[in-house]
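Visitor: Hi, I have a structure open and would like to talk it through. Could you walk me through it?
Guide: Happy to, let's bring it up.

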2 protein chains.
Amino acid sequence: MDRLIERILAMKNPTVAGLDPKLDYIPAAVREAAYAEYGRTFEGAAAALLRFNKGLIDALCDIVPAVKPQAAYYEMYGWQGMRTLQETIAYAKEKGMYVITDGKRNDIGATMEAYAAAHLGATDIEGEAYPAFDSDALTVNGYLGTDGIAPLLAQCKAREKAIFVLVKTSNPSSGELQDLPLADGMTVYERMGRMCEQWGQEQVGRYGYSAVGAVVGATYPEMLTELRQKLPHTFFLIPGYGAQGGGAEGLRGGFDERGLGGIVNSSRAIMCAWKKEGCDDFKAAARREALRMREDILRVLPGLGR
Amino acid sequence: MDRLIERILAMKNPTVAGLDPKLDYIPAAVREAAYAEYGRTFEGAAAALLRFNKGLIDALCDIVPAVKPQAAYYEMYGWQGMRTLQETIAYAKEKGMYVITDGKRNDIGATMEAYAAAHLGATDIEGEAYPAFDSDALTVNGYLGTDGIAPLLAQCKAREKAIFVLVKTSNPSSGELQDLPLADGMTVYERMGRMCEQWGQEQVGRYGYSAVGAVVGATYPEMLTELRQKLPHTFFLIPGYGAQGGGAEGLRGGFDERGLGGIVNSSRAIMCAWKKEGCDDFKAAARREALRMREDILRVLPGLGR
């Protein structure tokens with residue numbers, strides 16, 4: 001997690017821009033140019049997404065430390081969409097950004113090795129190692145327990161990568177399972193959080209946070225505060241700020257006194273800033289929104305802003 | 001689920017062949033031919049996987065009702081691997097097989113719509129609908145609760161598709177979270193199972209099983225039996241037979257008196273039958289193993305074998 005934290009410190013900005021591009025988030029001129037070249041097909045749509053993403057990355061790479069492409073919005077355009085995901089990750093890394101692939105992958109151990117190779121490591125072809133998606137971090141689901149996490153820990157260790165395990169998600173129904181009290185009095189989400197502390201214990205970095213982070217929604221500020229206290233070595237990826245309704249005030253409890261301990265995601269507010277502003281320059285509008293977001297969040301994190 | 005059950009009945013075979021192709025499961029001659037054409041690259045590997053899968057599908061399509069490609073083993077070959085996944089699904093459907101994509105996808109509602117479009121529905125490009133992976137069924141993880149499942153239910157209803165939610169997985173560490181007792185005395189896996197019953201209640205088909213199935217491992221036969229009794233409308237996808245150690249005897253409890261209620265997966269034993277037999281014809285060996293597996297399982301399911 002150190003590489004991410006260092007970028008956050010250098011930019012005084014604990015935010016990540018979600019790249020969840022729907023076609024109607026993309027200005028018509030960008031879409032039409034891609035269709036003219038490749039047709040109104042998966043090829044054309046994938047080309048439009050890539051141009052939009054590259055524009056956003058260009059506009060944000062010197063002020064925002066990280067991007068988080070959401071795999072679903074690429075998979076829906078078939079393999080052409082997955083190619084755009086791969087190209088987006090490569091472009092963002094080329095521009096110095098930290099890349100978190102939001103895939104929420106999960107499986108039994110043997111299969112998780114394949115996901116770990118796909119997203120954080122490299123794939124062996126007859127003795128040669130080829131990286132596939134090669135992100136800096138991946139979101140994962142821990143429902144299957146330790147042997148579904150172990151192959152990821154190996155990649156984290158070998159390649160300075162990180163994972164974020166779903167603990168308390170930002171959506172309205174997250175409590176149906178996650179908030180249930182266990183027989184020992186702990187909630188399911190707290191138990192999952194404690195498993196993250198355990199999984200990460202051998203890979204704690206110089207800021208006190210391990211390679212195993214947790215996804216904790218901004219939409220549940222009390223639980224965010226509770227988990228920050230109970231999980232001192234677990235860095236948080238915090239969705240639900242802005243579009244999903246969570247405000248900056250509620251974020252404070254997710255951070256430590258240095259203003260570290262979390263990174264806040266915003267997707268739609270940044271991608272669609274041009275729509276809200278009524279401005280066709282989506283890059284300039286995204287940059288203005290990212291700066292506004294940084295300012296809004298630093299207001300509640302004086303330790304980092306200093 | 002009716003479409004799957006009808007194929008099981010027609011073939012008197014409650015099994016699904018997992019397509020989790022690692023390169024070293026593929027005979028050297030098949031690999032080398034693909035490399036000669038496309039190089040020792042993702043292109044070459046993806047071509048080898050596709051040829052191997054097509055051979056298996058040809059060998060199995062008149063005796064095995066379904067295939068289950070595991071997404072991880074395609075993602076690890078980048079977008080070229082995902083193209084092979086898409087082509088494998090299309091080929092299996094063309095040959096009349098029922099296709100379950102094992103992706104264990106999960107996310108919040110808005111994003112789950114994208115996954116549902118990607119894997120079960122179709123993607124909208126400027127008003128036209130294009131199917132992407134277009135399987136018959138998808139495995140999913142229910143940790144996020146109802147709003148992460150609802151978009152899938154809509155596709156199930158509109159297109160006669162199905163989902164399988166992880167309930168009690170086959171791996172050694174599945175109990176770390178899934179077996180924990182809740183304050184009300186129920187285990188986490190039972191609660192997840194009861195959520196499946198609820199999610200499926202409006203889409204129960206003519207055999208009494210809903211469009212919302214559950215993944216329950218053969219490696220835990222007592223829990224398989226318990227869940228069959230507690231979840232009368234939930235069809236089971238049962239991994240862990242054979243290679244993972246579960247035997248046919250332990251499967252019995254997962255089925256109803258008609259011999260319905262579940263489909264048993266075998267991946268490695270079928271794909272690698274040629275290795276075990278020391279026979280280079282992987283297709284003939286896979287077919288022999290599939291027939292052996294059917295016989296082994298029907299032995300404990302007299303209701304279906306009749």
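**A walk through the model**

Guide: E160(A) sits in the loop between α7 (150–159) and β7 (162–168) of chain A; helices (H or I, at least four residues) and strands (E, at least two) are DSSP runs, numbered from the N terminus. This is a predicted model, where local features need pLDDT of at least 70 and side-chain atom pairs count only at pLDDT 80 or more, while totals for chains, interfaces and linings use all residues. Residues are numbered from 1 along each chain as its sequence is written, chains are lettered from A and ligands numbered from 1 in the order in which they are written, and side-chain values use heavy atoms, with hydrogens and water left out.

Visitor: What is the phi of E160(A) near?
Guide: Phi of E160(A) is near 55°, a positive value in a residue other than glycine. Most residues other than glycine have a negative phi.

Visitor: And is E160(A) buried or exposed?
Guide: E160(A) is exposed, at 53% relative accessible area. The cut-offs are under 20% for buried, over 50% for exposed and partly exposed in between (1.4 Å probe, protein chains only).

Visitor: What about K12(A), what is its phi near?
Guide: K12(A) has a phi near 45°, a positive value in a residue that is not glycine. K12(A) is in the loop between α1 (2–11) and β1 of chain A, and with a relative accessible area of 33% K12(A) is partly exposed.

Visitor: Switching to strands, how many residues of β10(A) are buried?
Guide: In strand β10 (residues 262–266) of chain A, 5 of its 5 residues are buried. G262(A), V264(A) and S266(A) point one way, and I263(A) and N265(A) point the other way. In a regular strand the side chains alternate between the two faces of the sheet.

Visitor: Which way does β1 of chain A pair with β10(A)?
Guide: Strand β1 (residues 15–19) of chain A pairs with β10(A) in the parallel sense, over 3 bridges; two strands pair if DSSP finds at least two bridges between them. T15(A) is opposite V264(A) in β10(A). Strand β9 (residues 236–238) of chain A also pairs with β10(A) in the parallel sense over 3 bridges, and there F236(A) has G262(A) as its bridge partner.

Visitor: Now K68(A). Where is that one?
Guide: K68(A) lies in strand β2 (residues 66–69) of chain A, and it is buried at 4% relative accessibility. The C-alpha atoms of K68(A) and V99(A) are 5.9 Å apart, although the two are 31 residues apart along the chain.

Visitor: What is K68(A) in contact with, leaving aside its neighbours within four places in sequence?
Guide: Its contacts (heavy atoms within 4.5 Å) include V16(A), D20(A), D102(A) and N265(A).

Visitor: Which residues are linked with K68(A) in a network of salt bridges?
Guide: The network joins K68(A), D102(A), K104(A) and D107(B). A salt bridge here is a side-chain nitrogen of Lys or Arg within 4 Å of a carboxyl oxygen of Asp or Glu. K104(A) meets D102(A) at 2.8 Å, N to O, and K104(A) also meets D107(B) at 2.9 Å, N to O. K104(A) is buried at 6% relative accessibility, and D102(A) is buried at 4%.

Visitor: Last topic, the interface. How many residues of each chain are in contact?
Guide: 70 residues of chain A are in contact with 70 residues of chain B. The two chains bury about 5,800 Å² between them, 59% of it on carbon and sulfur atoms; buried area is the accessible area (1.4 Å probe) that two parts lose on being put together, summed over both. W79(A), E126(A) and Y143(A) supply 14% of the area that chain A buries against chain B, more than any other three residues.

Visitor: And how many salt bridges between chain A and chain B?
Guide: There are 6 salt bridges between chain A and chain B.
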